[in-house]
Amino acid sequence: MKRFFKKIWKTPMVMIFIFITAIYGFSALGKSTEINRFAVVTAIGIDNMADENNQFELSFLTFIPIAEQTFTETYKVITAKGDSFVEAIDYAGQYLGREIGLSHLRTVVINEDLLQNDVTKILDYLTREKEVPSSTKLIATDSSAKDFLSAMQKLDMESSIKVSEMVNFNQRYITATDASLEKFFKGYFSPTHASIIPIFSLEKDEENGISVANNEAQGGEGGSQGGENGGQTGEGENISYNIVNGGEALIFKNGFLKRQLSADDLKNINYFRGNFSTGALTIKNFSGKPFENANLTFNIYDKKMKTKVVFENGIPVFYCDIKFTVVLNGVEEDNGMFDENVDLYLITSKAATEIEKKVKSNMADGLAIMREVKVDIADFYTKIYNTDKKSFKRFLDSLDDKDDYLNHVLFKTRVRVYSR
Amino acid sequence: MDIKNEIKKIKTNLHNSIDVSDRTLEKNGAEIGFVYLKSMTDNAIFADAIYEPISRFSGEISFETVKELVQVNDVEEIKKSEITQKVLKGVVVLMFSNSDKVLAIDILKFLTRTPSEPPTSPVIMGPREGFTEDLKTNITLIRRRFYSEQLVLEEAVVGSSTQTKIAICYLDGIADPKIVKDIKKRLSKIKIDGVIDSYYLLTLLSDRPDSMLKQIGCCEKPDIISAKLLEGRVALIVDGSPIVLTIPFVLLEDLQNSNDYYTNYIYSSFLRFIRLMGIFLAVFGPGVYIALQLFHYNVLPINYLITIADTTQQIPFTPFIEILFISLLFQILYEVSLRLPSYLGLATSIVGALILGDTGVKAGLISPPTVIVVAIAKIALYTVPEQNAQITILQFVFLVLGASVGLLGIIGGAIYVLAYANTIENYGAPYLAPFSPFILSDNKDGLLKVPLSDMTNRPKSFSNEKKERTDD
Amino acid sequence: MIRDKAIGAWQTGIILFFLIFANKILILPSLLFNNAKFEGLIAPIFLFLIELGLLFLFYKLKIKFPKERFFDVIKNNFGKVVTIIVFFLIGIYFLGKMVLLYNVTYIFFRNLIYKESNNTLFLICLLPVVNHLAICGVRTIGRTAQLFLPGVVAILIFAVVVGVFGINSSVIMEQSTFSNIALSALRHVSVFGDTIILFLFMDKINIKKGEWKVVFSFFGAGAASVMAIIVVFFLSYTYTSFLHPFAFFEILSYVKEYGGLGRLDIISMILIIFLTYFQLAIYLKAFFVCFDGIFPKLDRIYSVLTFNFIFIILIYVAVINLSRIIIYAEYYLPYLSIIAFIIVPACCFIALIAKWRKEKRE
C-alpha cells in the first residue's frame with residue numbers, strides 16, 4: 001500500500017487531478033446551471049424617453065424558464081431606463097436578479113423616433129459587445145419598441161412565427177440586403193456610408209391575427225384564427241398590437257435617416273442588383289396576339305445582369321445589360337377566362353417591348369429615389385471605383401458635392417426579355 | 001522395492017489427501033503397486049487398459065512385461081524422486097517389488113467445458129468456437145487451423161504454487177524472434193505464487209504495469225487468435241483460462257471485431273466509425289454536457305437551451321450532483337445485473353428503466369436531458385466492450401473535469417490522455433499505432449477497411465519477420 | 001526519465017503546420033485590417049516569405065549538420081559564451097511569445113466562453129498539460145499533433161467553406177500606402193518566426209532525403225490556411241473587420257444561423273482551445289531546450305520549476321487587458337523578434353559558410 005501511494009505521489013497528473021477535484025469539483029457540486037444565473041435575452045427594444053433625466057428606455061424580451069418537462073417557451077418583456085445602454089442593461093439585470101446574457105440576441109428593435117439623430121450612437125454598445133452575435137437582426141418600428149416586443153411575444157406564442165423569420169423573408173424578397181446589425185455597420189463604414197433597416201409597423205389588435213399589408217386573403221385567414229383565440233387574449237385590459245410587415249425599409253447615410261422606402265421602391269432599386277431576381281411584372285391593357293386588352297402578369301424566372309463602367313469625358317457611364325427570363329402566369333381579360341394554356345406562351349416582340357418599357361421605368365424610379373436622397377444603396381461606388389480608380393477620383397474631385405455623384409453618373413440600361 | 005512402504009511415503013508426501021488412491025496386485029509372487037489421484041485420472045481407462053490386462057496376464061510380472069501389457073500410449077519410466085510430482089499431474093505410478101524402476105502412465109482426465117461460443121464476442125456469421133479452460137483443448141483449437149510446421153508452441157511454467165503451464169504460441173518466420181525472446185525473459189522473471197487466470201499476466205508482462213491503459217490483447221476465440229498469429233503476434237495460452245493473450249498490442253485491435261472480417265468491407269468500415277463515435281460519446285458525453293450546462297450556456301442553440309432550462313428548473317439537485325447520481329445509479333444497476341441470475345435480470349431492468357428512470361423524471365428528481373445523456377454514454381460504452389473498464393474510468397474523469405473547469409479542462413484532459421498513450425510503446429509497438437504515428441499501409445485495416453484482397457502486408461506498427469502476406 | 005526521441009518528416013511537418021497557423025488565426029487579421037485596411041493581406045505574405053527563407057536555411061543546415069545539436073553548431077563557431085547568450089535570448093523570446101499567446105487566448109475565452117472565471121482556473125488547466133507535453137518530448141508532441149491533425153484540418157476546411165457563405169460584399173483595395181503595410185508587417189513580426197523552433201529541435205529531427213518536400217508542403221499548407229482565413233474574414237466582415245478581434249471565431253459566428261445548424265462557433269472554440277495547448281507546449285519545449293543548453297547539468301525538474309515560476313509571475317504581474325497586450329505585442333515583442341529573424345539565421349549562415357569553407361579546404 002505504501003508503495004502504491006508513493007507511485008501516485010510520483011505521478012503529478014494524478015495529484016493535479018485530485019487538486020482540481022478538491023478545489024473546483026467540490027464547488028461545482030453546489031453550482032447551479034448557468035442558465036439560472038443569466039437572463040437569456042432574445043430581443044431588445046430601444047425607446048426614446050420623454051423626460052430628460054434618462055436617455056434610453058430599453059425593453060428586453062427574456063426567456064424565463066419554468067418547470068416543465070416539455071418544450072415550452074415562456075418569454076417576458078421587461079423594461080429598464082438608463083442614461084446609457086450599459087446602465088439600462090444593468091438596471092434590467094437588477095430587476096430580474098440575473099445577469100443579462102446577450103449571446104442569444106436575435107432582434108434589436110428601434111423606435112422610429114430615435115432615428116432622427118445619429119443611430120450609431122445608440123447601437124455602439126451592441127456592436128462592440130463581443131457576446132452579441134453579429135447576425136442579430138436590426139429593425140425599426142413606427143411606434144413603441146416595447147409594444148413591438150409584446151407583439152413579438154404574442155405572435156410567437158400564438159403562431160410560433162418569429163419576427164426574425166419575417167426579416168429573413170424581407171431580405172430574401174424585398175430589401176435584398178442582410179438586415180443585421182453587422183450589415184448596418186458595414187454599410188456605415190463602407191465608402192457609400194449607406195445602410196438599410198427594415199421597418200415594421202404596429203397596428204392595434206382588432207382581429208387578433210397576423211396582418212400582412214396589401215394582402216387581404218391572408219388577413220382574412222388570420223381573422224378566422226383570431227376568432228378562436230379571441231377569448232384568451234381579449235381578457236386583459238392591455239391593448240395588444242399586431243405586427244404588420246409592409247416590406248418597408250429605412251435608408252440611412254452616415255447613420256442618419258434619409259428616407260422611408262416602400263416595398264415597391266425597394267423592388268425598383270433591386271433591378272440594379274445582379275443576383276436578385278424575384279417579383280412579378282404586370283402589364284396593363286395589353287393588346288396583341290392572342291390577347292385583347294388583357295392585364296398580363298409575368299413572373300421573373302431568371303435575371304442575368306452584366307455591368308460595365310466606361311469613362312466618357314471624365315464622366316463615368318454605367319452600362320447595365322439585363323436579361324430577363326419571364327414566365328406568363330396570369331391573364332385577366334375583359335371577356336372572361338382566357339381559354340388557352342399560357343405555359344407555352346412565347347413572348348411576342350410587342351409584349352417584350354412592353355415589359356422592357358416597364359422594367360426601364362421601374363429602374364428609372366429606383367434610380368430617381370437614390371439620386372434624390374443621395375444614397376447609393378446599390379453600391380455603384382465600388383463597381384465604378386474598381387473599374388478605374390484614378391478617373392473616378394478625378395471625377396469625384398470635380399464635383400461640388402462628393403456625395404452627389406449619383407446625379408452625375410450616367411446610366412445606360414438595356415433590357416432584354418426572353419420566355420422560359 | 002518395498003511397495004507398502006513406498007505407497008505410505010507417497011501418501012505422507014501428499015498429506016494423506018482424500019483423493020489419493022492406491023492399489024496392490026500380487027501375481028506369481030511379484031507385487032505391483034498403483035498410486036494415483038482419483039480426481040485427476042480417468043478411472044475407466046485405469047480399469048480397462050491398465051489394471052485388467054495386468055491381472056489377466058499369467059506370465060511373470062516385471063517392469064518390461066507390464067510396459068508391454070498396458071494399453072495406453074503415454075508410458076514412461078521415471079525416477080523415484082519424481083513420483084509425487086507426477087502423481088499430482090494425473091499420472092498413475094506403478095511400482096514393482098522385483099524392480100527399482102518406476103513406470104508412469106499418463107491418463108490425466110478432468111472435467112472441462114466443450115468449446116462453445118463465448119459470451120464476450122459473439123458473431124453473426126462466423127466461427128462460434130471459443131477457448132475453454134483446458135490448455136490441451138485450446139492448443140487443439142489453434143493447431144487445427146494451421147496444418148503447417150510453422151506453428152511453434154513452447155512451454156513455460158509460472159507460479160511457485162500453481163505451477164501454471166503457459167504455451168507461447170507463434171508462427172516461425174513471421175513473428176519477430178526478439179519479441180518472443182523478450183516475452184520468455186519477462187515470463188522467467190515473474191515472481192508470483194500463483195497465476196489463476198491470464199489476466200494476472202496482463203499486468204505482469206506490460207511495460208507500464210501501473211498504467212490504467214490495457215497494454216496486452218485479450219481474446220476468447222481461436223479464429224481471432226489465428227488471425228493475430230498470422231499478423232506476426234505472439235499468443236500466450238494460460239492453462240486454466242479461456243482468455244488468450246496476444247503481444248504486441250495496439251489500441252486499434254479493440255476497435256476491430258471479428259465480425260468485421262466476415263462481412264462486407266464497406267459495412268465494417270462504417271461500423272468502425274460507429275465504434276469510434278461510441279467511444280467519443282461514452283468518454284466525453286456527460287463531461288461536455290455538464291460543462292455546457294455549468295460554464296458555456298451561451299454556445300447552446302436557443303431551442304436546446306430552452307429545453308434544458310425548462311427541464312432542470314424542477315430538479316432539487318445541482319446539475320453536477322444530478323449527473324453523478326444518475327451515473328452512479330447506472331453503474332450500480334450494471335453491477336447488479338451482472339451478478340444476478342438471469343431470471344432476476346428482467347426484474348432489475350424493469351426497476352432500473354421504468355421505476356428509477358421514468359418515475360424519477362416524473363417526480364421531478366432528475367431531468368430528462370441528463371437521463372438521456374447518461375444513458376447514451378453508458379450504452380455507447382459497450383460498442384467497444386474490450387475497453388469497458390478504461391472508458392468507464394475516463395468517463396468519470398472527464399465528467400469531473402467538465403464540471404470543475406469546463407471545456408478547457410476536457411480538451412486539456414483529452415490531450416493529456418492521448419499524449420500519455422502516445423508515450424507507451426509496448427514491445428516496440430506504439431500504442432495508437434496506425435494513427436499516430438500514421439502508417440498508411442496499416443490504415444487499410446484501421447478505421448477504414450479495404451477488401452481482403454488488398455491487404456497484402458502484415459501490420460507495420462510492430463516488428464515482424466516477413467512483411468508480405470503472399471509468398472511470391 | 002527523458003523519453004525524448006526523434007521524429008520523422010511527417011511529424012516535423014505537422015508541428016510546423018500547427019506553429020505556422022495556430023497563433024495567427026485569432027487576433028492577427030483584425031489588427032492587420034486596423035493598420036493597413038484590406039492591403040493588410042500583403043503583410044503576412046511578406047512575412048511568410050521570410051519564414052520560408054528560414055525554413056530553407058534549416059534545410060541547408062540539416063544537410064550539413066545531420067546529427068548535431070543546434071547548441072553545438074553554434075558553440076563550434078562562436079564559442080560557449082556567445083552560444084549561451086543566444087540561447088538565453090531565444091528562451092526569453094519564447095517566454096515572451098508564450099505570455100502573448102496566453103493572454104490573447106485568455107481574453108478570448110474570458111469574453112466568449114468563460115464568463116465567470118479567472119486566471120487561476122486557466123493556469124490550472126493549461127500548465128499541467130502543457131508541461132506534460134513538453135516533458136514527454138518532441139516525439140510525443142509530434143505524434144499527438146498527428147492524431148489531432150485530421151480534426152484540425154476538417155475544422156479549418158469547414159470554417160473556410162462555411163465562411164465563404166458569409167461573403168456577400170465587394171471591397172475596395174488600395175486604401176493604404178505601402179509604408180502602412182510595411183509598418184503593419186513590422187508590428188506583427190512577433191507573431192511570426194516560429195520556424196526557428198525547428199533549429200532548436202534539429203537533433204531530434206530525422207528527415208530522409210526525399211522527404212523534405214513533406215515539410216515544405218506542410219509549411220505551404222499552414223501559410224495557405226492562414227491566408228484563407230484572413231481572406232474569408234476580411235471578405236465576410238469587410239469594413240467592420242476592425243470591430244472583431246477574434247477572426248477565426250468570428251468567421252463561424254457570422255454564419256452561425258446558417259442552415260439551421262444552430263451555433264457553429266463552438267467548433268472554432270474547440271479548435272482554438274486545442275491549438276493553444278499545442279502552441280504553448282511547443283514553445284515550452286523550445287524553452288526547455290534553451291534551458292538545457294544553458295544549464296546542461298541540471299535535472300529536467302529545474303527547468304520545469306523555473307518556467308512555471310517565471311510564467312505564473314509574468315501572468316499575474318502583466319495584468320490582462322487586451323489593449324495593453326496588443327501594445328506589448330506591437331511595440332515590445334518586435335524587438336525580441338530580432339532574435340528569430342536576424343540573430344539565429346545569421347549564426348546559422350556563418351556556421352554554414354564555415355563548414356562549406358572547411359569542406360572546400362579539404
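In this predicted model, helix H1 (residues 9–22) and helix H12 (residues 265–294) of chain C pack at an angle of about 110°. Their axes are 10 Å apart. H1(C) and H12(C) are therefore roughly perpendicular to each other, since angles of 65 to 115 degrees fall in that class. The crossing of H1(C) past H12(C) is left-handed. On the H1(C) side, the residues that meet H12(C) are C:Ile15, C:Phe18, C:Leu19 and C:Ala22. Their counterparts in H12(C) are C:Leu275, C:Phe278, C:Gln279 and C:Ile282.

Chain C also touches chain B. In this interface, 29 residues of chain C are in contact with 22 residues of chain B. Four elements of chain C give two or more residues to its side: H1, helix H6 (119–136), helix H7 (138–165) and H12. Of these, H6(C) gives the most, with 9 residues.

Chain A contains 12 helices and 13 strands. Of its 420 residues, 38% are buried. Sequence separation was examined for contacts in chain A between residues at least 6 apart in sequence. Of these contacts, 70% join residues at least 24 apart.

Strand E7 of chain A spans residues 194–204. In this strand, 8 of the 11 residues are buried, so E7(A) is largely enclosed by the rest of the structure. E7(A) pairs with strand E6 (residues 137–141) of chain A. These two strands run parallel and are joined by 2 bridges. Here A:Ala140 stands opposite A:Ile199 of E7(A). E7(A) also pairs with strand E8 (residues 241–253) of chain A, in the antiparallel sense. This pairing extends over 10 bridges. In it, A:Glu203 faces A:Asn242 of E8(A).

Another part of chain A holds an open sheet of 4 strands, in the order E10-E11-E12-E13. The pairing in this sheet is mixed. E10 and E13 of chain A stand at the edges. Each has a single partner strand, so one side of each is left without a neighbour in the sheet. On average, neighbouring strands of the sheet are turned by 35° against each other, direction ignored. E10(A) and E11(A) pair in the antiparallel sense, over 6 bridges. A:Ala294 in E11(A) is the bridge partner of A:Phe286. Helix H11 (residues 380–387) of chain A lies across E11 and E12 of chain A. H11(A) runs at about 40° to E11(A).

Helix H10 of chain A covers residues 349–373 and has 25 residues. From its first C-alpha to its last, H10(A) reaches 36 Å. That span is close to the 36 Å expected at 1.5 Å a residue. The buried residues of H10(A) are A:Ala351, A:Glu354, A:Ile355, A:Val359, A:Asn362, A:Met363, A:Gly366, A:Leu367, A:Ile369 and A:Met370. These buried residues pack against several elements of chain A. Among them are the strands of the open sheet: E10 (280–288), E11 (291–312), E12 (315–332) and E13 (410–419). Strand E9 (256–261) and helix H9 (263–270) of chain A are also packed against. After H10(A) comes A:Lys374, whose phi is positive, near 60°.

Note on methods
Residues are numbered from 1 along each chain as its sequence is written. Chains are lettered from A and ligands numbered from 1 in the order in which they are written. This is a predicted model: local features need pLDDT of at least 70, side-chain atom pairs count only at pLDDT 80 or more; totals for chains, interfaces and linings use all residues. A residue is buried if 20 or more other C-beta atoms lie within 10 Å of its own, exposed if 12 or fewer, and partly exposed in between; C-beta atoms are placed from the backbone. Two strands pair if DSSP finds at least two bridges between them. The expected span of a helix is 1.5 Å times one less than its number of residues. Two residues are in contact if their C-beta atoms, placed from the backbone, lie within 7 Å. Axes are lines fitted to C-alpha atoms, for helices over the stretch in contact, and angles run from 0 to 180 degrees between N-to-C directions. Angles under 35 degrees count as roughly parallel, over 145 as roughly antiparallel, 65 to 115 as roughly perpendicular and the rest as oblique. A crossing is left-handed if the near helix is turned anticlockwise from the far one by less than a right angle, and right-handed if clockwise.
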